[in-house]
Amino acid sequence: MALKPWLLATPASRGIGLQLARRLLNTTDLPVVATARKDLERTKAQILHGLDVDPSRLSVLKLDVTDESTITAATSQLRTLFPLSSHYLHLAFCVPGILHPEKSPAQITYDAALETFKVNALGPLLLIKHLAPFLPRKSAPLPSFPSAPLPPHATLALMSARVGSISDNNALGGWYSYRASKAAVNQIVKTFDLHLQRTSGEKAVCVGLHPGTVKTGLSEAFWGNVKREKLFEAEWVAGRLVEVLQGMGVEGGRGRCWDWEGKEVVP
């Protein structure tokens, strides 16, 4: 019997993560898991607001990517909700992010840089550690295609950024810790995808995503420097990212970073 799919957006208390959770709920009939560091009921209400869906499809779990004990506890709950013998993780968006925009080396501080790496790089790395068992193995019997506009293969997507590209960093510079943390995400994506090639074959991939400049708290201080047509609403971006993954092939897409237009962001 084919395993049953479920979906994940972490964290999902605001911004892109919140809109991704809403998108997955509203366009599929699959179980959706969202996470937040606190105010779980408030997060659940935000996700469900205005949607004509069965609220029992949504589970909101406590998870803080800077505290591995909360990731361990959340994945223990996931094993109860979705036993590995009968379920698999079909699509996961891992989107933690923080920005300390150092314009010069003199502005770099140890604490801010460490926080940046904890959230942007170590957070996704720990999520991979704990979510990997939920992805399908080569021998797993899967449904022919989920009853939703989703990628045909299991996908774990990590939030990267164009500024994490070393080859693209040839003009402005700056943002030392943020750039470095996102470059680390791209390396994590590639390394984990190599692991999936061995364990899952064509049934699961890992990719990075660049959403563009989105109207969230992370980028608010820089909205005035962005052309109006290049400043996106989080709801619109969520739809675009799902569509990019939906149209992505296994061999041509895995282990790389893709932007909201479906164009590769080279390392």
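User: Which residue just after helix 5 takes a positive phi?

Analyst: This is a predicted model, in which local features need pLDDT of at least 70, side-chain atom pairs count only at pLDDT 80 or more, and totals for chains, interfaces and linings use all residues. Residues are numbered from 1 along each chain as its sequence is written, and side-chain values use heavy atoms, with hydrogens and water left out. Helices (DSSP H or I, at least four residues) and strands (DSSP E, at least two) are runs numbered from the N terminus. Just after helix 5, a positive phi of about 60° is taken by G201.

User: How far does helix 5 reach from its first C-alpha to its last?

Analyst: Helix 5 covers residues 176-199 and has 24 residues.

User: In what order do the seven strands of the open sheet stand?

Analyst: Two strands count as paired if DSSP finds at least two bridges between them. Strand 4 is joined to strand 1 (residues 4-10) by seven bridges and to strand 5 (residues 154-159) by four, parallel in both cases. The pairing in the sheet is parallel, and the order is 3-2-1-4-5-6-9.

User: How many residues of strand 4 are buried?

Analyst: Buried means under 20% relative accessible area, exposed over 50% and partly exposed in between, with a 1.4 Å probe and protein chains only. Within strand 4 (residues 87-94), L91 stands opposite L7, A92 is the bridge partner of L8, and F93 stands opposite A157 in strand 5. Strand 4 is mostly covered, and the number of its residues that are buried is eight of eight.

User: What angle does helix 1 make with strand 1?

Analyst: Helix 1 (residues 15-27) packs on the sheet and touches strands 1, 2, 3, 4 and 5, where contact means heavy atoms within 4.5 Å. Axes are lines fitted to C-alpha atoms, for helices over the stretch in contact, and angles run from 0 to 180 degrees between N-to-C directions. For helix 1 and strand 1 the angle is about 155°.

User: Where is the proline of the cis peptide bond between T10 and P11 placed?

Analyst: The cis bond joining T10 and P11 has an omega of about -15°. P11 is placed in the loop between strand 1 and helix 1.

User: Is D39 buried or partly exposed?

Analyst: D39 lies in the loop between strand 2 and helix 2. Its phi is near 50°, a positive value in a residue other than glycine. D39 has 44% relative accessibility, so it counts as partly exposed.

Definitions and conventions
Expected span 1.5 Å × (residues − 1).
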